[in-house]
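Subject: Structure handover

Hello,

Here is the structure I promised to pass on. Please open it alongside this note; my findings follow below.

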Amino acid sequence: MEKALRVYGEVLRLVRRLPKDTRPYYAKYARENFVNYREVDAGDPKALDELFHRAYNHSIWVLNKYSVEESAAHRLKEICLG
């Protein structure tokens with residue numbers, strides 16, 4: 001649970017780097033996704049790792065879409081991928 005909260009917090013920090021008019025959409029999108037996956041079994045490390053990888057990959061995709069330097073996601077990468 002602690003790792004998931006760290007990932008969520010870092011995703012929200014990355015949202016602040018996006019253009020101002022897109023921030024509300026992506027903040028809401030992130031929240032909805034984390035809420036939707038709260039039922040994932042915390043005892044299943046494979047499922048959690050898959051979700052963290054997906055969160056990282058999607059974050060990179062969004063950053064690239066808005067021409068935000070990928071290195072901004074360095075902390076998220078450390079949290080998600082180890």
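In which loop is the place of S67? S67 sits between α3 (45–65) and α4 (74–81). Please keep in mind that this is a predicted model.

S67 deserves a line of its own. Its phi is positive, about 55 degrees, although S67 is not a glycine. Is S67 buried or exposed? The relative accessibility of S67 is 69%, and the cut-off for exposed is over 50%, so S67 counts as exposed.

Now the fold. The protein chain has 4 helices and 0 strands. Along the sequence the pattern reads α-α-α-α. The radius of gyration is 12 Å, and the globule rule gives 12 Å for 82 residues, so the protein chain is as compact as a globular protein of that length. Along the principal axes, the C-alpha trace spans about 35 × 25 × 15 Å.

Next, packing. Of the contacts with a separation of 6 or more, 60% join residues 24 or more positions apart. Buried residues account for 29% of the 82 residues.

Last, surface and charge. The accessible surface of the protein chain is about 5800 Å². Carbon and sulfur atoms hold 51% of that surface. How many positive and negative side chains does the protein chain have? There are 15 positive and 12 negative ones. The centres of these two sets lie 6 Å apart.

Best wishes

Note on methods. Residues numbered from 1 in each chain as written. Predicted model: local features only at pLDDT ≥ 70, side-chain atom pairs only at ≥ 80, totals over all residues. Heavy atoms only, no water. Helix = DSSP H or I, 4+ residues; strand = E, 2+ residues; numbered from the N terminus. Rg over C-alpha atoms; globule rule 2.2 N^0.38 Å. Buried < 20%, exposed > 50% of the residue type's maximum accessible area, 1.4 Å probe, protein only. Contact = heavy atoms within 4.5 Å. Areas by Shrake-Rupley, 256 points an atom, 1.4 Å probe, with all protein chains shown as cover. Lys, Arg positive; Asp, Glu negative; His and termini not counted. Charge placed at Lys NZ, Arg CZ, Asp CG, Glu CD.
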